[in-house]
Amino acid sequence: MPSTPYRPAASPGRERPGGIRVAELDLDGPDGPVLSFRPAPGTAADGAPVRGGDEVYALVRLRGRPVATVVCRVPPGRDPADAVAATARDKLAGRAPSAPSAHGDLPRTSVVVASREGADRLARTLDSLLAQDHPDFEIVVVDNAPVTSATEDLVRLKYGDRVRLVREPVPGLAVAHNRGVAVAGGTVIAFTDDDVVADPHWLTALTAPFADDPRLGCTTGLILPARLTTPAQILLESHGGFAKGFAPRVYDPRQPPADEPLFPFTAGSFGSGANMAFSAAALRRIGGFDPATGTGTPARGGDDLYAFVSVLAAGHRLRYTPEALVWHHHRERWQDLMNQAYGYGAGLTAYLTALLARRPGLLPALLRKLPRGLAHARAITAHRDTGAGCTPGEHGTQNHPWPRHLSHLERRGMLAGPFGYVRARLRLRGVPLPGVADVGVADAEGGR
């Protein structure tokens, strides 16, 4: 039976009763039978199954491997799994089944989760981390500038010695991450946030590439929405959310990608801080995360971007692997989305300021690449305000307009980012920070 075309039920500015249901579908091949159909792990606690009439955003797996997302409406009276599977088969038509990824011995890994007064959401993150199929890892929770004892009470009372707790009194995500780096015992250090649910295979998929590539400095993975219940969540996901698609990719400073003229300064395309891992040695050699960047500082963000570019500039490779999946709880309110838009802009220019302040040797490479990079960016952003639908769908479909006031907030943030970084640096003067030694880097063009 052919799939039912998806038609949006409402404009993005109006509430949708029940929102869009988030689910995952596993098929036994591109045109094979359904192996499983269930709510996404981040929404399973809500209890209600997908029903006829529901709008559904589904991750499609082939024998467990993430390959695509689809959006459709389940016709009344039709089996939801059958309806979503029909849409998925249409999308995957002609695709050859891919072999499962093989890997060697997995490295000893530390998982660092920084949290600031996030005990209400941290438990579901820790539960998902303790269910990982990786054979050798530790979990480190960094309690960042706590006001109450809620995080400490949760970890000590519920998780005991299964989760290690450390306290970082200086506020800021980068400072908290550096505290985690300072105490981590793994040869690989993975990072995620306290508002995600990790797929059971996440840590294995994220860290396996380090066993096969001695030049690998960083890996990133796929981030999908755990819930799409509000217009703000739907709008964010329609413009790509935090996802970077389903195609694996390797970024190598010795072979710059032709489709990214500003490489390696286009750090936002590499991944996001909620799903990343580093060689511990490489991360420590670059000095860890710049403590004047990130959430919780006047810079508002950019800590992950700074680390990505610094690792690449030191000559290491970076690999994006969509098999490493986490489900992210997007912020629900329009005010949260406005704050995010401003923070994205501020974090972008703050991280560039941090790079040039701490690694001035990168300035000639940036200036050489800037003209082509700006032309490329204009060509991409010219399409942002087109379209009239309301479909999260594939990564970056942008099927309804990004409100202009959010674009204005991003631009305001970009103007403020350098000043925020300077203010953060001044605030940190004389403040004792986690000891991660800084070193020089190789030229951004070629590495070592």
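Which residues in α9 meet which residues in α10? In the predicted model described here, Leu305, Tyr306, Val309 and Ser310 of α9 meet Tyr351, Ala354, Leu355 and Arg358 of α10. The residues of this contact divide into six nonpolar, one polar and one charged. Helix α9 covers residues 303–313 and helix α10 residues 334–358; their axes come within 9 Å and cross at roughly 45°. Angles from 65 to 115 degrees would count as roughly perpendicular and those under 35 degrees as roughly parallel, and α9 and α10 are therefore oblique to each other. The crossing is right-handed.

The chain as a whole contains 12 helices and 13 strands. Of its 448 residues, 56% are buried. Among contacts between residues at least 6 apart in sequence, 77% join residues at least 24 apart.

Helix α9 is mostly covered, with 11 of its 11 residues buried. Gly315, which follows α9, has a positive phi, near 100°.

The residues of the contact of α10 with α12 divide into 16 nonpolar, six polar and four charged.

Thr192 is found in strand β8 (residues 188–192), and its side chain reaches the backbone oxygen of Ala274 at 2.6 Å. With a relative accessibility of 0%, Thr192 counts as buried. Beyond its neighbours within four places in sequence, Thr192 is in contact with Val112, Val113, Ala114, Thr125, Leu129, Trp202, Gly273, Ala274 and Val326.

Thr220 is in strand β10, and its side chain reaches the backbone oxygen of Phe270 at 2.6 Å. Thr220 is buried, with a relative accessible area of 0%. Residues up to four places away in sequence aside, Thr220 touches Leu206, Phe270, Gly271, Asn275, Met276, Phe308, Leu318, Arg319, Tyr320 and Thr321.

The loop between β11 and β12 holds Gly273, which is one of the contacts of Thr192. Gly273 is buried, with a relative accessible area of 12%. Apart from residues up to four places away in sequence, Gly273 touches Phe191, Thr192, Asp193 and Asp304. Phe191 and Gly273 are 82 residues apart in sequence, yet their C-alpha atoms are 6.9 Å apart in space.

Some backbone geometry in the model calls for separate mention. Most residues other than glycine have a negative phi, and most peptide bonds are trans. In the loop between β11 and β12, which contains Pro264, a cis peptide bond joins Phe263 and Pro264, with omega about 5°. Arg63, a residue other than glycine, has a positive phi near 50°. Arg63 is placed in the loop between β3 (55–62) and β4 (65–73) and is exposed, with a relative accessible area of 51%. Glu117 likewise has a positive phi, of about 55°, although it is not a glycine. The place of Glu117 is the loop between β5 (109–115) and α2 (119–130), where Glu117 counts as partly exposed at 31% relative accessibility.

Conventions:
Residues numbered from 1 in each chain as written. Predicted model: local features only at pLDDT ≥ 70, side-chain atom pairs only at ≥ 80, totals over all residues. Heavy atoms only, no water. Helix = DSSP H or I, 4+ residues; strand = E, 2+ residues; numbered from the N terminus. Buried < 20%, exposed > 50% of the residue type's maximum accessible area, 1.4 Å probe, protein only. Polar contact = N/O pair within 3.5 Å; in protein donor to acceptor, adjacent residues only side chain to side chain. Contact = heavy atoms within 4.5 Å. Axes fitted to C-alpha atoms, helices over the stretch in contact; angles between N-to-C directions. Parallel < 35°, antiparallel > 145°, perpendicular 65-115°, else oblique. Left-handed = near helix turned anticlockwise from the far one by under 90°. Nonpolar A, V, L, I, M, F, W, Y, C, P; charged D, E, K, R; others polar.
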